[in-house]
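Here are my notes on the model. Please read them with the structure open.

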Amino acid sequence: MPSFPPKGKFLEAITESSKKLCDASGISIQPQSIERLLRSPAFITSYQRVSKDHGLALPLKFASNMEELNFISIMSLLNFASGYRIPLHLQTGRGAWDNIRALCFGLYISSTDGSDLLSAKGMKSLSVAKIAELMGINLHVEKPHAQIPGVVVGELGGPLYELVKLITQVLNETGGILINSGYPNLGAFVAEALKEAARGQSNNVADVEIILEKLVQAFPAFQDMSEVNGQPIYCFKKALFLIHAIVVRFGSQSPPPFPIPDTTHVPVFSDNVLPSLLIHLGVVDISACQSLSGLFPHAGSSETLETLLAAAPVNTSPTETKKVPAEGPLITENQSFILRAAAIHACELIVQIAHELEVQDDQKWINEITLPDLDMWLWSIAKDRADYRALPRMAAQNTIYF
């Protein structure tokens, strides 16, 4: 793992390290491919609607703003599990994000005055069995008995056992850090960071750099960085997601209960969806990257792009959208960081080109798109269209970062 970026340079480190890793890996992102996407019916007919579908609508009534802040902080902390999408669908009928949301709802509803599972103490005390119970997951796999032919026994194992252990470890570790630092819960830490980030700023706007730095330095589960072939790479997906979630949930309140950061220009929250979709849509070309070129063998062909860049098919049945998705390529840690870097850099270029694009008057909104909204469009359109849902996505297991 590389060193932390210099103070005040965390956002810059994300964009610069992503561009350098793309260049070093032979990934191509051509302006004409970006313009093709921006002018496509698929983009133009869906962006304004889908880019606001942030997945943060919460069917809960919170006792206070602080309680809600704590909830979205923990939900952001646990915003991973994408590599277990298929086994989760098979057991629960939901994808990774919906399972994490459901788990957090379960933790909230199961909490009582005497046992707040979303407090620092509650997080530190959670067990694998409790997490599995709240997620509705069976952790046992059936295997032939070692000595008795024809007898099958159940034992702990399988990919979802691995996932539940990762979730439990993250909660236990984060709860322990909070207790040792004197915070009752993660929301209290985030609230203090927001106030510190607003000191010296005009209009009580929180400085994203300060919040990001405090989150990443304090908690290993937010330390989303690595070194690939001697090149440091910084993504910080979950920490950026949390900072933007604060804007989504509290930014419209007047006055807001906490200092609100300006996330208009923060890098995208790079996960498994963004790079996979950008490859399928012909924006990210991995054909010259030796370690990645075989991962998506049919992506980017002219026949495929003609369909994917057209407007969404109108006759999609509800059952078609609920099919268990196809298994995507299972990738290594290094491959995942290269692909996620490609998505970060591609989105920076997409916004730059969009702001300079000559468009008709009814499409002037393209000149004003932001990185967080572009992120939300890519993430949401991947679920909004049945043909996009069917596209294989990269899957990295045994990671707590996405």
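1. Start with helix α6, residues 85–92. Six of its eight residues are buried, so the helix is largely enclosed by the rest of the structure. Buried here means under 20% relative accessible area, exposed over 50%, and partly exposed in between, with a 1.4 Å probe and protein chains only. The buried residues of α6 are R85, I86, P87, L88, H89 and T92. Their cover includes α7 (96–110), α9 (128–135), α10 (159–181) and α19 (386–389). Just after α6, G93 has a positive phi of about 80°.

2. A word on the basis. The model is predicted: local features need pLDDT of at least 70, side-chain atom pairs count only at pLDDT 80 or more, and totals for chains, interfaces and linings use all residues. Residues are numbered from 1 along each chain as its sequence is written, and side-chain values use heavy atoms, with hydrogens and water left out.

3. Overall form. The protein has 19 helices and six strands. The radius of gyration is 21 Å, close to the 21 Å that the globule rule gives for 402 residues, so the protein is as compact as a globular protein of that length. That radius is taken over C-alpha atoms, and the rule is 2.2 Å times the number of residues to the power 0.38. Helices (H or I, at least four residues) and strands (E, at least two) are DSSP runs, numbered from the N terminus. Along the principal axes, the C-alpha atoms fill a box of roughly 70 × 60 × 45 Å.

4. Burial and contacts. Of the 402 residues, 56% count as buried. Among contacts between residues at least 6 apart in sequence, 77% join residues at least 24 apart. Contact means heavy atoms within 4.5 Å.

5. The core. The largest nonpolar core has 146 residues. Such a core is a set of buried Ala, Val, Leu, Ile, Met, Phe, Trp, Tyr and Cys residues joined through side-chain atoms within 4.5 Å. F43, F71, L78, I167, L212, V284 and W377 have the most contacts inside it. Helix α17 (residues 333–356) gives the most to this core, with 14 residues. Leaving aside neighbours within four places in sequence, I167 touches L78, F80, I100, L103, I131 and M135.

6. Where does F10 sit? F10 is in helix α1, residues 10–25. It is buried, at 0% relative accessible area. Beyond neighbours within four places in sequence, F10 has contacts that include E209, L212, E213, V216 and F236. The C-alpha atoms of F10 and L107 are separated by 32 Å.

7. Backbone points to check. Most residues other than glycine have a negative phi, and most peptide bonds are trans. F236 is not a glycine, yet its phi is positive, about 50°. F236 lies in the loop between β5 (231–234) and α13, and is buried at 0% relative accessible area. N398 also is a residue other than glycine with a positive phi, near 55°. N398 lies in the segment after α19 and counts as exposed, at 54% relative accessibility.

8. The peptide bond joining S254 and P255 is cis, with omega about -5°. P255 lies in the loop between α13 (237–250) and β6 (260–261).
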